[in-house]
Amino acid sequence: MEKTKSRFNRTSPSLHLMAFVIIFGLSVVGYVAVIWSGNIRGYSPSKVVAARDLALFIPILAVFFWLMRRQKYRGEIMLLTAAVFLFAVGSLMQYRLFSDPEYGARGGDRAKARDAKAQTIRLLNIRTAYDDEKKTYMFGGPDRVPEVPATSDLPVYEYTIGDILMSVNTYIPLAALLAFVAAFQIFKNDSKLLWLQRHALVIGLVTLLPFMAIVLFFSREGKFLGQTTPWEGVKILFLVSFAGLLADTYRHLRRTRWGLPPARYLLPFIVIAAMPIVPFFALSDFGQMLVFLGVYLMLYIVAVRKSTQLVYAVLLVSIVFGTFYTASSVASGVGLPRRVYFRFYQWTHTWEPPPPETWWWKPDYERYLQAKQLSPDPSDERQISQRNAEAWFDKVLQQSQGLLGVHEGGVTGEGLGRGFPETVPISDSDFIYAAIGEEAGLLGGLALLIAIGVFAFAGIAISLGADDMFTKLLAAGFTAFVCFQAIINIGGVLRLLPMTGITLPFVSHGGWSLITSFAMLGILLALSHRNAVARTIAENQPQFVPVRS
Amino acid sequence: MLIPRILTIIFGVAGLLTMMLIGWAAWRHRNPPAQEETDSNQSLQNFGPAATDRWLRGLRVLFISLIIAVFGFHSYWVFWADSGEEFRRAKLLDARNRRLSESGLKGWVLDRTGKFENALIRYRSDAGIITREYPLGEAALHLTGYSDYVFGAGGMERAFSDWLTDAVSTYNELTSPIPVGKDLKVSIDSRLQREAYNLIQATGKPAAAVVLLLPGNEVLAMASTPSFEPRSIRDESAWLRMSEQAENAPAVSPLVNRALGTFVTGGAAFYYRPGSTFKAFVAAVALDSQITSERFTCRADGFTPRGSGRAIRDFGGAVHGTIGLEEAVRVSCNQYFAQLGLKLGRDRLEAYARRLGFLTSPDGKISRSETFWHILHGDQKEYNFIFAPPAARMNLSSKATDYDIALQAIGQGFDDFTVMAMAVLAATIAGADGSYVLPTFETGAERKIAGPFISAQAAAQLREMMRAVVERGTASSAFARLGGQITAGGKTGTADRVVPVYDREGKRVVDHVDENGQTYYKTQNSTDSWFIGFAPADEPQIAFAVMVEDGGEGSRTAAPIAARLIQKAASLGYVISRGGPGARGQAAVGIR
């Protein structure tokens with residue numbers, strides 16, 4: 001019988017090289033669009049920064065060639081291409097946002113930037129579209145239209161070569177690529193994988209303790225010193241630990257009675273599964289908690305593959321969600337953090353302010369009044385509801401502005417640099433999808449979603465191709481991590497899910513998040529490579545050929 | 001702005017195609033190449049790692065469905081979110097509105113002279129800072145409206161917003177981030193508008209004045225007091241107070257355009273009684289029906305219609321004796337017109353009322369007259385939301401008694417009218433052919449005839465009678481100032497309304513509470529002063545209506561305002577007496 005399968009069943013590297021070139025070309029088009037619209041909207045995006053961003057394709061290509069030539073990579077490359085696309089779109093959007101002086105600025109500078117932009121558009125319009133008669137009437141002469149106000153003195157994030165050399169934005173992608181290389185090197189190695197699996201529990205505990213210490217003693221409002229989240233990396237270690245333990249015990253967990261595994265195995269397992277939840281709970285980072293719980297649950301279901309347990313899991317998830325959902329519509333409730341209430345209420349009632357005396361809302365409402373130095377007359381209900389609505393709309397500004405932006409964007413988008421994503425707070429990280437939806441429209445959003453879909457398909461394909469349970473779970477776990485986090489982020493922006501405040505992998509602005517995502521990508525590629533090598537060896541086993549005499 | 005937009009579409013489409021290519025590859029390679037069955041042991045198959053593959057594929061299905069759900073939500077916000085009331089309200093608070101309104105350049109609104117210094121809405125530059133300016137300020141607030149990124153827009157700013165934001169040229173649309181809007185020339189004369197406002201404002205009472213230019217019934221001026229400076233709505237608390245007052249106490253609200261009976265923010269407000277000015281309508285019906293030779297008696301004890309215990313008397317208990325139509329118009333005899341109204345009959349009055357678009361058997365709620373205006377520019381719906389007046393109405397249904405009909409014949413009782421409707425009535429009488437022409441803010445548009453009202457002959461006869469009012473009748477003293485230079489015709493009116501009393505905060509004053517807990521509010525009589533008419537008398541070029549709330553007799557308050565309006569219009573060249581000096585400029589000098 002003839003063998004139909006090819007020896008290297010993967011997409012060809014030249015296809016992906018072509019894709020990289022196209023993505024590079026797309027980026028150039030995007031940067032030109034942003035610079036063009038910036039110039040007619042009253043600010044000049046830095047060409048140096050654009051060049052820096054485009055130059056980041058050089059190390060990306062270097063890594064690609066390193067993989068292909070030096071490492072003789074045989075695995076699937078699609079994940080890398082999808083990630084590079086996401087990264088390129090993300091850099092472009094961050095460039096667009098940070099070039100806008102209105103976006104980075106605070107307080108007075110912000111208003112100044114906004115006014116300068118508005119005046120520029122008007123003056124340019126007057127210059128080009130008003131006739132001489134009107135110009136004369138307004139300014140005393142057709143040539144006396146004032147100059148466009150200078151905006152280059154307004155502070156932007158980075159502008160000159162000096163800024164770039166000092167900027168973390170230059171080094172983080174490089175660090176991320178290094179993390180990618182390091183992760184690839186570690187995880188392609190069988191003996192290291194074996195070591196990791198054997199020491200899974202230790203890895204978990206060793207990760208947890210210092211992490212807990214940092215969380216308890218050094219963190220402020222969910223951030224480490226200087227607005228960073230260095231614990232992003234622990235996601236990898238926790239997942240390795242969880243996958244290792246699950247690979248060891250899944251056979252026991254399969255032996256169920258009434259759909260429940262024996263307590264002897266289940267209880268320690270639950271303890272281990274809860275390990276990452278505790279510190280993230282302490283950080284009130286519910287987004288990460290949700291991602292961890294979701295990924296752990298998925299891995300568990302996949303490994304144990306018991307229909308009853310799937311039913312239990314679905315029930316559990318619906319009960320938790322249902323509880324929050326109903327709780328969010330009743331004014332009172334106990335035992336849940338205020339922020340959870342707020343997020344759920346915001347999800348279900350974005351544009352309906354809760355009564356000001358609601359327990360989880362009152363402190364925020366009062367803080368708003370204090371900040372604005374307002375003191376509504378307590379007997380005047382109308383005034384109170386007015387202030388309450390103001391405070392609420394101020395609080396849900398991000399979600400509300402994001403959705404209005406997505407709506408404005410329509411199918412093809414307002415055009416890069418033409419929309420107003422600067423009105424959405426933190427739209428460079430949590431709400432970057434809203435910025436993309438506004439400026440690149442449904443088309444841009446769809447491209448992004450397909451990239452995430454590619455990641456899911458190719459990642460699961462790696463898991464399917466793995467021979468042993470540990471690498472199967474690792475591959476599925478990291479794929480799920482990236483995709484689930486992306487879906488939770490975008491779902492939060494689009495009100496499919498409550499807003500959680502986690503980043504969009506590869507796209508969002510964020511140091512540790514980007515580094516961690518690239519490290520996960522490295523691991524996935526290493527596992528794919530490992531599968532392909534193992535398969536080649538298996539296929540090339542010498543076979544006995546009967547000799548006919 | 002075309003180029004970044006095209007670039008973005010290239011970016012989006014090419015990115016999508018690339019990802020679709022990769023996605024297609026991912027679909028082709030969704031499963032690793034099947035391995036040879038190295039192990040045929042069934043139990044190992046069940047337990048081994050390969051057994052999880054089915055569940056892994058399930059996981060993949062889960063992810064794809066989630067991504068499709070995300071895409072579905074994205075589509076929802078793009079395509080269908082707009083149908084939600086909540087979303088539309090949230091849109092009003094969108095921070096983008098401010099940026100758009102502060103960086104856009106809407107069209108200018110010019111008056112009929114087309115000169116920038118007479119513009120109604122224009123831009124001004126103060127040392128490079130460009131602001132939208134309303135040069136007439138409060139004098140034209142109810143016309144121009146206002147525009148704000150939080151409170152939206154009213155008046156023309158809203159009615160013509162489509163036109164004013166429509167790109168001035170394709171080139172501009174392609175190159176500018178926010179295109180420059182088209183200018184609009186309206187029929188208003190801003191000098192006359194300012195004069196009209198100043199005149200009614202001098203009375204210190206809520207008042208309205210409308211001047212129409214014949215034959216197209218173009219609105220030359222439409223003023224209403226009280227008013228406010230359009231830019232003052234930037235003061236949020238003042239605006240909120242004002243909107244609250246408009247809701248609770250419209251009778252004293254400056255947001256009400258008293259000429260149209262609408263809110264400048266959009267929506268219907270209230271009606272007035274036209275009083276004796278409405279006799280012009282009844283007289284027109286009589287003349288057109290050729291019932292002109294009737295003589296009725298006006299007694300001291302009044303006229304009591306059949307089946308009614310109440311009598312209709314004349315103002316100040318005047319007794320005019322037995323008189324004919326001409327005399328009755330001149331002295332404005334209530335008893336005569338009450339009897340004439342009954343003589344003409346319900347059906348005939350109804351037929352003629354319908355010709356002018358009045359409702360004749362109204363239900364309780366106010367319906368708006370959506371076909372009132374001749375509209376060329378602007379979105380019909382927005383335009384009517386702002387400018388469509390409440391439909392003028394009478395009650396000529398079978399439920400109306402003789403007393404009701406007699407009262408309505410003298411402009412009292414169920415007569416619900418707007419100042420604009422009365423101006424249109426005056427214009428219809430003043431028109432050469434007696435046909436009903438739709439009023440308009442358009443300039444130079446072809447006159448749009450809604451239908452015939454009375455014959456040209458009847459109109460001419462009525463004009464003569466109304467001329468007598470000005471020359472020898474109730475308005476003669478007020479028009480003495482014209483010194484015979486400009487002839488005019490008109491009809492005075494003094495209408496009684498019962499209006500609620502408001503305290504300083506705009507709340508209704510409670511009179512008493514009865515034993516059932518029913519609250520009774522204080523009311524008072526308001527005697528509105530009216531004058532409608534046209535000038536010059538023989539070949540009218542303008543028609544007008546003036547109303548001053550609680551201004552007393554029409555001859556005392558409204559008629560002098562009308563006389564001054566005619567003077568101003570003449571000085572601007574809108575009224576040229578055939579008998580007087582021929583050229584426009586000389587006419588203007590002549591009356592000074």
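A:Arg254, A:Gly259 and A:Phe286 supply 53% of what domain 1 of chain A buries against domain 2 of chain A, more than any other three residues. The model is predicted: local features need pLDDT of at least 70, side-chain atom pairs count only at pLDDT 80 or more, and totals for chains, interfaces and linings use all residues. Residues are numbered from 1 along each chain as its sequence is written, chains are lettered from A, and side-chain values use heavy atoms, without hydrogens and water.

Domain 1 of chain A spans 199-296, and domain 2 spans 306-349 + 352-395. These bounds come from an automatic or database domain assignment. The C-alpha centres of the two domains lie 28 Å apart. The contact (heavy atoms within 4.5 Å) takes 10 residues from domain 1 of chain A and 7 residues from domain 2 of chain A. Across this interface 0 salt bridges are found, with a salt bridge defined as a side-chain nitrogen of Lys or Arg within 4 Å of a carboxyl oxygen of Asp or Glu.

In chain B, 5 strands form an open antiparallel sheet in the order S8-S7-S19-S18-S15. Strands are DSSP runs (E, at least two residues), numbered from the N terminus; two strands pair if DSSP finds at least two bridges between them. Strands S8 (218-225) and S15 (489-500) of chain B each have a single partner strand, so one side of each is left without a neighbour in the sheet.

Key. Helices (H or I, at least four residues) and strands (E, at least two) are DSSP runs, numbered from the N terminus. Buried area is the accessible area (1.4 Å probe) that two parts lose on being put together, summed over both.
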